[in-house]
Amino acid sequence: MRINILFFAFFVLLAFVGCEQEDVLNPTKGTEQLSDNNSSLLSTINNGTYIFRSQLCPSNGISLPPSGLRILALRDNSVGWGGSAPMLHYLSLDPVILINLMLSMGLSGTTFLITVLPDVFIAPEFSSKFDTYSTLFHELSHASHYSKVGNPYWFNFVNGIVNNYLAGNDTYGDGTGNLDGFIGVGEMWGYYSGYKCTKDIFGWGYFDPYYSWFKPGILDRLVSSYGFTPAQIFACQTSDVNSHEKLKNKIISNYGYATQVTGVFEDYGF
Ligand SMILES: [Zn+2]
């Protein structure tokens, strides 16, 4: 029974303070179990954020997340999700939308959250550094996308999720909702970039190319089979690119290879 998540969850806000002394770049560290204490989770999130900003964004050629990012870590396995990047403290959401967004995430007892407006949530009771980093890199990839596209795009991204929740649909939608395109482009990038960053650090990562309707394997195929770089794909994800069709067309107009790019999208049903 959920009474009030804040009574049970540990939380903290991180305003990015830099890396602690820890050899997180050693891949064997990824199998290490997190200690059952909150400082272990927080230092992992803090270090991961530092690595993402200082190493992964430059090496992959993508924008840095906003510097004042507010990350909220909740130790709660019951919420049913691994993370979320609503960028709340940058968006001026209508209170009704904000409350419905919280409800769509399975959060109640929202007074504190609405006051603090975290940008990124990290939720479950993670038992390994690897899982924590994987979730963190997915969510920070959203934050980088937000840096590029700005508030109007992200407002539609969040609103699309809320609309799907209110309609009783999967919060990602199915590609037919009028705001699903924002979600599809955003999540395709989140799943692909989160995987790429995890692989860069640990040598491997979980990745389902056919996941959900937006099929993140499209981006992996463009990189691994046709030599596109993450930076090239990210450069095409401008604020006007709010559908798979528009992303495909922008990639082709910027870089060519129309036959190959069209073929990849078609292979995944687009
Ligand atoms: Zn996501």
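Tutor: Start with helix α2 (residues 38–60) and helix α5: their axes come within 9 Å of each other and cross at roughly 50 degrees. That angle makes α2 oblique to α5. Angles under 35 degrees count as roughly parallel, over 145 as roughly antiparallel, 65 to 115 as roughly perpendicular, and the rest as oblique. The crossing of α2 and α5 is right-handed. A crossing is right-handed if the near helix is turned clockwise from the far one by less than a right angle, and left-handed if anticlockwise.

Now the residues. From α2 come L41, T44, I45, G48, T49, F52 and C57, and from α5 come K129, T132, Y133, L136, F137, L140 and S144. Contact here has a cut-off: the C-beta atoms, placed from the backbone, lie within 7 Å. By class, the contact of α2 with α5 has eight nonpolar, five polar and one charged residues. Nonpolar covers Ala, Val, Leu, Ile, Met, Phe, Trp, Tyr, Cys and Pro; charged covers Asp, Glu, Lys and Arg; the others, Gly among them, are polar.

A few ground rules. This is a predicted model: local features need pLDDT of at least 70, side-chain atom pairs count only at pLDDT 80 or more, and totals for chains, interfaces and linings use all residues. Residues are numbered from 1 along each chain as its sequence is written. Axes are lines fitted to C-alpha atoms, for helices over the stretch in contact, and angles run from 0 to 180 degrees between N-to-C directions. Helices (H or I, at least four residues) and strands (E, at least two) are DSSP runs, numbered from the N terminus.

The axes of α5 and α6 come within 8 Å and cross at roughly 155 degrees. So α5 and α6 are roughly antiparallel to each other. Their crossing is right-handed. The contact of α5 with α6 has 13 nonpolar, twelve polar and one charged residues.

Helix α5 matters for the core count too. The largest nonpolar core has 66 residues, and I122, W154, V158 and M188 have the most contacts inside it. Helix α5 (residues 129–166) gives the largest share of this core, 14 residues. A nonpolar core is a set of buried Ala, Val, Leu, Ile, Met, Phe, Trp, Tyr and Cys residues joined through C-beta atoms within 7 Å. Buried means 20 or more other C-beta atoms within 10 Å of the residue's own, exposed means 12 or fewer, and partly exposed is in between, with C-beta atoms placed from the backbone. Pick out V158. V158 touches P86, L91, L93 and L101, leaving out residues up to four places away in sequence.

Next, step back to the whole chain. The protein has ten helices and four strands. Their order from the N terminus is α-β-α-β-β-α-α-β-α-α-α-α-α-α. Of its 270 residues, 43% count as buried. Take the contacts between residues at least 6 apart in sequence: 76% of them join residues at least 24 apart.

Now compare another helix pair. Helix α9 (residues 244–255) and helix α10 (residues 258–267) pack at about 160 degrees, with their axes 9 Å apart. α9 and α10 are therefore roughly antiparallel to each other. α9 passes α10 in a right-handed crossing. H244, K248, I251 and I252 in α9 meet A258, V261, T262 and F265 in α10. That contact has five nonpolar, two polar and one charged residues.

The loop between α9 and α10 holds Y257. Its phi is near 55 degrees, a positive value in a residue other than glycine. Most residues other than glycine have a negative phi. Y257 is partly exposed, because 15 other C-beta atoms lie within 10 Å. L117 also has a positive phi, about 55 degrees, although it is not a glycine. L117 lies in the loop between α4 (111–116) and β4 (120–122). With 17 other C-beta atoms within 10 Å, L117 is partly exposed.

F207 is partly exposed, with 17 other C-beta atoms within 10 Å. Leaving aside neighbours within four places in sequence, F207 is in contact with Y195 and D220. F207 and G217 are ten residues apart in sequence, and 8.3 Å apart in space from C-alpha to C-alpha.

Methods. Contact = placed C-beta atoms within 7 Å.
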